[in-house]
Amino acid sequence: MLASIFMYVKVFLVGGLICCLGEYIEIRTKITPARILVLFLMAGAILGGFGLYNYLVEWAGAGATLPITGFGNSLARGAIEGAKTGGLFGAIGGGLMATSAGIAVSIGLSYMVSFFVSSKSKKS
């Protein structure tokens with residue numbers, strides 16, 4: 001019981017710290033949220049490519065895999081595995097295969113939400 005509570009706390013803290021870092025960068029700099037998203041994606045891919053992000057995933061579980069850095073890690077891992085078997089095209093296909101479930105869920109949920117939410121243009 002105590003071990004599972006500790007795991008939930010680890011997941012919450014690691015995921016929260018990653019998100020807090022993004023908020024801190026947004027508040028303290030003039031970097032836009034879209035660029036911060038790309039920065040975190042690339043950081044996850046680079047750390048995953050060198051095998052460093054896997055240590056965080058093993059320790060924190062979902063706290064490290066759910067933020068966008070985890071998506072970058074999955075993309076890099078899939079690309080590396082695909083490159084080992086199929087060269088350049090294997091790298092592209094491996095990255096897409098490793099992340100296809102997340103992409104499909106994102107598109108599907110976005111489509112379903114679009115039925116309930118209507119967009120409004122910004123007023124100048």
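Val105, Leu109, Tyr111, Met112, Val113, Phe115, Phe116 and Val117 make a nonpolar surface patch of about 910 Å². A patch here takes residues with over 30% relative accessible area and no salt bridge, joining like charges within 9 Å and nonpolar side chains (Val, Leu, Ile, Met, Phe, Trp, Tyr) within 5 Å. Areas are from the Shrake-Rupley method with a 1.4 Å probe, and for residues only the protein chains shown count as cover.

Some housekeeping. This is a predicted model, where local features need pLDDT of at least 70 and side-chain atom pairs count only at pLDDT 80 or more, while totals for chains, interfaces and linings use all residues. Residues are numbered from 1 along each chain as its sequence is written, and side-chain values use heavy atoms, with hydrogens and water left out.

Phe115 is in the segment after α5, and it counts as exposed because its relative accessibility is 57%. The classes are buried under 20% relative accessible area, exposed over 50%, and partly exposed in between (1.4 Å probe, protein chains only).

Now the overall layout. The protein has five helices and zero strands; helices (H or I, at least four residues) and strands (E, at least two) are DSSP runs, numbered from the N terminus. The C-alpha atoms fill a box of roughly 50 × 45 × 35 Å along the principal axes. Of the 124 residues, 23% count as buried.

Next, the largest pocket, with about 190 Å³ of space. On a 1 Å grid over the protein atoms alone, a pocket is an open set of points where a 1.4 Å probe fits, with protein on both sides within 12 Å along at least five of seven lines; lining residues have an atom within 4 Å of a point. Points are joined across faces, edges and corners, and the volume is the space filled by probe spheres set on them. Which helix gives the most to the lining? Helix α5 (residues 68-113) does, with nine residues. The lining divides into six nonpolar, six polar and no charged residues. Ala, Val, Leu, Ile, Met, Phe, Trp, Tyr, Cys and Pro count as nonpolar, Asp, Glu, Lys and Arg as charged, and the others, Gly among them, as polar.

Last, charges. The whole structure has one salt bridge, that is, a side-chain nitrogen of Lys or Arg within 4 Å of a carboxyl oxygen of Asp or Glu. Lys84 and Glu81 form it, at 3.6 Å, N to O. Both lie in helix α5, three residues apart, about one turn. Lys84 is exposed at 62%, and Glu81 is partly exposed at 47%.
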